[in-house]
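Good morning, and thank you for coming.

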Amino acid sequence: MKAGLLLILLGNAFVGSLNGQNTADETKIKQVIQGFFQAFSDEDLPRLRSYCQADFTLLENGEIWSLDTLEARLKPNFGKGMRRINTINFSRIQVKRATAWVAYSNQADIAMKGRTVTIHWLESAVLEKSNGGWKLRMLHSTKLPPKKLEGQP
């Protein structure tokens with residue numbers, strides 16, 4: 001009886017520690033994704049790269065981009081006074097050992113030259129954990145159509 005109770009208590013402690021680890025991992029994973037997009041906003045390419053594996057892949061608008069492609073697409077917009085505010089709402093984070101799958105909605109409110117636009121995406125990301133912490137391996141971005149106001153065709 002005592003041995004059975006001890007096994008149950010040890011099992012609960014083990015599962016509890018796994019849940020705590022997943023919670024800590026989920027927090028770090030969110031920080032990586034938020035930091036990645038904040039680096040966009042801050043026009044900080046070295047920091048953006050720091051959140052990614054060297055062979056990071058971005059699936060964007062039906063194209064396959066590397067980090068070099070992403071940088072080439074971002075640079076022409078830098079230094080023009082653009083302001084970008086990101087709002088990321090996580091809907092699912094799945095962690096299995098050193099791999100994480102994440103689904104989230106991403107909204108960017110972009111202001112430039114007195115004009116503001118809001119863009120929405122539905123995105124998924126794959127991250128890997130290594131000695132350096134969690135890093136993005138792949139990101140898939142689907143741009144969503146602008147939301148229509150009630151009463152508009």
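Buried means under 20% relative accessible area, exposed means over 50%, and partly exposed lies in between, with a 1.4 Å probe and protein chains only. Glutamate 71 belongs to helix H3. Apart from neighbours within four places in sequence, glutamate 71 is in contact with Leu45 and Arg49, where contact means heavy atoms within 4.5 Å.

Before going further, a word on the source. This is a predicted model, in which local features need pLDDT of at least 70 and side-chain atom pairs count only at pLDDT 80 or more, while totals for chains, interfaces and linings use all residues. Residues are numbered from 1 along each chain as its sequence is written, and side-chain values use heavy atoms, with hydrogens and water left out.

The pLDDT is the predictor's confidence in each residue, from 0 to 100. The chain has a mean pLDDT of 86, and 82% of its residues reach 70 or more. Over residues 4–19, however, the pLDDT is below 50, and this stretch has zero contacts in the model beyond near neighbours in sequence.

Now the overall plan. There are three helices and six strands in the chain, and from the N terminus on, the elements run α-α-β-β-α-β-β-β-β. Helices (H or I, at least four residues) and strands (E, at least two) are DSSP runs, numbered from the N terminus. Of the 153 residues in the chain, 30% are buried.

How do the strands pair? Two strands pair if DSSP finds at least two bridges between them. S1 and S6 run parallel and are joined by five bridges. Within this pairing, cysteine 52 has leucine 136 of S6 as its bridge partner, and leucine 58 has leucine 139 of S6. S5 and S6 pair in the antiparallel sense over 11 bridges, with lysine 129 opposite tryptophan 134 in S6. A hairpin through two residues joins S5 to S6.

S1 also pairs with strand S2 (residues 63–65), in the antiparallel sense and over three bridges. Here glutamate 60 stands opposite glutamate 63 in S2. Two residues lie between S1 and S2 in their hairpin, and asparagine 61 in the turn has a positive phi of about 50°.

Next, please find valine 95, in strand S3 (residues 83–96). Is valine 95 buried or exposed? It counts as buried, because its relative accessibility is 11%. Leaving aside neighbours within four places in sequence, the contacts of valine 95 are Asn22, Asp25, Glu26, Ile29, Ala100 and Trp134.

Finally, the largest pocket, which holds about 530 Å³ of space. Its lining has 24 residues, and the closest to its centre are Phe40, Glu60, Leu74, Arg84 and Trp121. On a 1 Å grid over the protein atoms alone, a pocket is an open set of points where a 1.4 Å probe fits, with protein on both sides within 12 Å along at least five of seven lines; lining residues have an atom within 4 Å of a point. Grid points are joined across faces, edges and corners, and the volume is the space filled by probe spheres set on the points. S5 gives the most to this lining, with four residues. The lining comprises 15 nonpolar, four polar and five charged residues. Ala, Val, Leu, Ile, Met, Phe, Trp, Tyr, Cys and Pro count as nonpolar, Asp, Glu, Lys and Arg as charged, and the others, Gly among them, as polar.
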